[in-house]
Structures are given as C-alpha cells and as structure tokens.
Amino acid sequence: MSHPILSEFDIIFAGGGTTACVVAGRLAAYDPSLRILILEAGQHTLNKPIHVQPYQYPFNQEPASTTVTFNIGNPSPRLNGRAPIVPCGRCVGGGSCVNFMVYTRAPASDFDDWGVNGWESETLIPLMKKLETYEVQPDLPTHGYGGPIKVSSGGCKLDISDEFIHVGTTYHKRQYADDTDDLETCNIYSPWQKYIDGTTGRRSDAAHHYIYNQAHNPNLHVWDGKRVKRVIFEDKRAVGVEFTSDPVSSPDADQSSSTVRALKLVVISAGAFGSPGILERSGIGAEAILKRCGIEQLVNLPGVGENYRDHNLAFAPYLAADGVVTMDALLRDESVLQESLAQWNSSGKSLIAQNGLDSKIKWRPDDEELKAMGSAFLPRWKEFFQDRPDKAVAIFTAFAGSVPPFSSILPPPRNYIAAGYYTLYPVSIGSVHINVTENGKEGMDFTTGFLDDPSDIVPLDFAYKKTREIFRRMSSYRGEVTAGHPDFPEGSAAACREASGPVDLNAPDIIYTAEDDEAINQFHRDTYANDTALGLGTCAMKSEADQGVVDARLNVYGVSNLKVADMSISPLNVGTNTYSTALLIGERAAMIIADDLGINCT
C-alpha cells in the first residue's frame, strides 16, 4: 500500500474515511482484480497506538493534533458571538480511528423517514447485521455475529456506570435493559457497548478491518497525505481527479498538482466538510458560490453544501470520591499506565481497552419533565417526537474521568466524573461552502446553525438540570467542579460547591430561579453547546428539486461516473453517534457499485 507510480485505476476514492474504507474494502474483496485507489489527506493509522489503544482517543482532540481537522464556524449571535469549532477525522479510517468508540444505532424508522427507494430499514437491517460481530450477547435478532467490526463491553467495567444506572432506575423512574440498540428501544437505562474488540482490546475501526487486512491485494492502493482538489471531467463524465500533497501531512513535499485517471468511477468520500468542497471546486454547486470563487460552473446544483446537520453536546464535570477508578489514573500515574499496558498486551483487558463511558439512556421526557421544559419545546415535541416513541430527544451518560478543557488544569490528587448529554434531532440547519479569503487563498464558509431554532436549547438546559440531579444522588458524588458549570448568581440555591457526599435519593430537586435559568442558557451558548463531530447532510440524497445532490444510487445529478458515499448524503439527522451509520452507508454503497459494475457481492 505504498505509492507506486500509476496513472490510472478503475475506481478512485476522493477521501479515505470510514465509508471510503468500507466501500473500497468490500469491492476489493468482491473482485480483487479491480484497481482501486484511495486518496487521503491525513496519514496512515496502521497499528499506531493513538488509534488502536482505546484509552488514547482524547489525544486526537488536542489542539496540536493532526489526526483531526478543526473546522471553524462563522461567529454566531445564537452562541453570543462565539465561533464554534467542529472536529472531523483526518486520517486513513477517518472518524472510526479517532471517535469515542461508543456503540449506538439509530432507530430503524430514521431510515424509513428518508423516503429513498432502496434505503428503507427493511433493506438496511441485514447490512447492519452483516457489518458487525456483537460479542456482548448471543442470538439477538437485530445484531450480527460474523462481521468485520467487533462490538464488546470493553476491557473492564467502571463502577460509575452502576451508580448512574441505579439512580436512573430509582430516582429517575426509568427501567433497565441490557440492550437499547435493538433499533427501537428507547427511554431505558442500559450499559453502553463499545467498538472495541473484546479479545484484543483494540479499537474496531474501518481502516484495520476493511483495508489494512487486505494488504495482500496488490490492486488496493492507499495514498496518504494526498488532498483531492477537484474531479476532472470530459463532457460531464468523471474521468479522474486532481490532487496535491497535503501541507499538514506532507509539509516538505512538492505542493504542485498531479492527476490520476479513473476508468470506471470516481467516488467522493471526504465527509460532510470535504465532499461539498470537492464538488464546488469541480464546478458543481450554486452559481453564486462558484462565481465568488472564480470557478466556472459545470452543473447548477444549489443543494451542494446546504442541509448541514449535527447534534449538540455538553459536559458538566463533578468531583468524585477518593478511591473511585476513572480514566484519569492512566494519565496521572505512570506505574498504573505501564501495568495496564502490560495487561492489555497480554489479554486485551484493563483500562487501556476503555473509553470511560459504560452506561447511557436514550432519553425522552415524561409528562412531568415535558411540563417543566416549558412551552418553547412543546410544538417540536408534538410535531416530531410525541407519536414516535422510538426517537429519543437526547442521550445522557456518565463519564468516568475529567473532560477537556478541564482535564489539563484540574489538580491531580482528586478524582473526577462528568455528566454528558447531547440532543439527537436539533431543528437548526447550517451550510458548508468554499470561499476565497482576503489574501486570495481558499477558505471555508461554515455556518453551523447551532441553536438557531429556539426549541433546540430547551432540552439542553433541561438536561443540565436532570443530569445534575442524577449525579447528586450517585454514591461517588462529591460536588461540582465550579469552573465547568453555569455562573449562578451569588446566593443562589443552585450555586456549585464541594460536598461531603451525595444527597438522599428522595431529596428535593434544586429549585432554579429565572436568573438561574438564564445562567444555564448562557452557559450553553457561551461555552458548551458544541457539536458532537457528527455532521452530515451537505450532499443530501434527495430529489434534485428538493436541493438534493445525489440520487438513490448515489449518483451526482447532472454528471456521470461520479458518486458520493459518506455521511454527507444523509438527508436527515439520525438519532445515533454516526459511526454506525457511516459503516452502513458504506455497506449499501458497496452493493450499489458492485451492481453497477456487474460484480457478484453475495
């Protein structure tokens, strides 16, 4: 998989993230004679500890990281002038090699809601099963047991998860189930499984399990450090791509452009941020966008770069009792780290094979909670959620450890835990386009849309209150880390402080004043209503008249021999961490392409 000098291939993938690895890997296995090239701006991930050792996942998000791209959004008045930053994977395997590894699947109805022929849940569920090996429990009807991607409970269990579930099933009055990723179960506390191989303790990513495991195939090529600039056309037929050496991955390489030809197909697979940019640089997009960048229009497709959707995420840190085992132990104590590494190397167990997230609830408000949320959310509830009991409003979880940016400044002798909550179906929509900066260089015009719709912040504000009540009742609770919470007025009953222990399960909830509510609202707008790095939708699979970019077979409208296959094609949000959906899109895309090429994929 080095870089031999070849000038033409059968299929070229512009981008080497999760979906590209799935599609290319499947096609290479179906027909090893296919000459396939993946061009990826980031670097290889093969056996690199930061990618295969689960505990290292936060390091990919550090400011100096080159394994993710930090996409800077336009300042937003809804975020009090803040310019949000949205990271996305930037390496072979993309998000699958840098994400939190949490195993979550969308309700089956999400795919039916797309209304796209060939993408109904009835068609997709067999592919969901095909791609995974569910190591947690045998013989479950919606899970798979022979696929390349391993799902397990990780290398050890952390007690924080039991505390979270205990309070959830008593104080929060919800039930418990072993599996809430059966494509329909909702509003129940459960363990949170992981994309970690239960035997080896390694991350289960698309690069290693679809591409690197086919190193024996001389026709499957991955060129890392290569950024695709545009698609080359002859009479609106895609015949190749133009690319350059990526300045971050290959700072000393020649930055001049090169071209490579595709005899059968070009597949753009650069994600919600990269794919619309490649199309626009290729002359496919809205006239005004292309004109301002000096690009001659090939196809008028105004939906390119529109329809950006994401989830909204917040964390709130808490102090934990001495002696509680958290992920922080690996970062603070070299002897613990070395002992854990030795155990992981020999058995695949220990904190190394952990992500600190062992429990969750896909939460829907009950009548009392809905009333407490107020009138601003009610129309959204009635229009979207009320009659769809399989759709959660948000996911609540307990993280065993400290979270950035506080993990680097909190005093080491203490233990920390954090409440995490993120909404799954925000109404707000943004866009991603190319533009030209003042110095004449290409930039990104990224409008996140976060919190533009007034209903979107309501469940976040309520989730802060509810998760705080849950954490106050957990036996390890020792108070709030004040710097990571809203700035409540002096003298407020909601003021954050250190505590000697939890409150009683039956203790009254904190009563918040209007000023307290405003502090929570500003907390989310100022600091913590971030994305979850789960962006999608910018090359939507919809009708062209509805600002679609690709059809049901992933063909870009107005040209031939060009497809898009990644999360950008999802026309609507999905109620899940999107790794599962990216894998699924890859499996379906591989079937479509194989069918187009007359290749047997059974």
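Predicted model: local features only at pLDDT ≥ 70, side-chain atom pairs only at ≥ 80, totals over all residues.

Colleague: Where is A270 found?
Modeller: A270 sits in the loop between β11 (258–268) and α7 (271–281). Leaving aside neighbours within four places in sequence, A270 is in contact with A14, G15, S275, I278 and D566.

Colleague: Nice. Now salt bridges: how many does a search of the whole structure find?
Modeller: The search finds 31 salt bridges. One of them pairs K194 with D358, where the closest N and O atoms are 2.5 Å apart. That pair links distant parts of the chain, since K194 is in the loop between β7 and α6 (206–211) and D358 is in strand β15 (residues 357–363), 164 residues apart.

Colleague: And are K194 and D358 buried or exposed?
Modeller: K194 is buried, with a relative accessible area of 1%. D358 counts as buried too, at 9% relative accessibility.

Colleague: Which residue forms a salt bridge with R292?
Modeller: That would be D445, with the closest N and O atoms 3.2 Å apart. R292 lies in helix α8 (residues 287–292) and D445 in strand β19 (residues 442–447), so this pair ties together parts that are 153 residues apart in sequence. R292 is partly exposed, with a relative accessible area of 40%.

Colleague: What about R472 and E469, where do they lie?
Modeller: Both lie in helix α13 (residues 457–472), 3 residues apart, which is about one turn of the helix. R472 is buried at 12% relative accessible area, and E469 is buried at 3%. Elsewhere, salt bridges that share partners join R174, D366, E369 and K466 into one network.

Colleague: Tell me about R174, then. Where is R174 found, and is it buried or exposed?
Modeller: R174 is found in the loop between α5 (159–169) and β7 (189–191). R174 is buried, with a relative accessible area of 8%. The side chain of R174 reaches the backbone oxygen of H172 at 3.0 Å and makes a polar contact with the side chain of N187 at 3.2 Å. Not counting residues up to four places away in sequence, R174 touches several others, including W363, P365, D366 and E369.

Colleague: Changing topic: which residues of helix α12 are buried?
Modeller: In α12 (residues 378–385), the buried residues are R380, W381, F384 and F385. They cover an arc of only 100° around the axis, so they are on the same side of α12. These buried residues pack against α11 (367–373). The face turned away from the buried side carries the exposed residues P379 and E383.

Colleague: Last one: what is the phi of K236?
Modeller: K236 has a positive phi of about 65°, although it is not a glycine. Most residues other than glycine have a negative phi. K236 lies in the loop between β9 (226–234) and β10 (237–245). L554 also has a positive phi, near 70°, and L554 is buried with a relative accessible area of 0%.

Key: Residues numbered from 1 in each chain as written. Heavy atoms only, no water. Helix = DSSP H or I, 4+ residues; strand = E, 2+ residues; numbered from the N terminus. Buried < 20%, exposed > 50% of the residue type's maximum accessible area, 1.4 Å probe, protein only. Polar contact = N/O pair within 3.5 Å; in protein donor to acceptor, adjacent residues only side chain to side chain. Contact = heavy atoms within 4.5 Å. Arc of directions from axis to C-beta. Salt bridge = Lys/Arg side-chain N within 4 Å of Asp/Glu carboxyl O.
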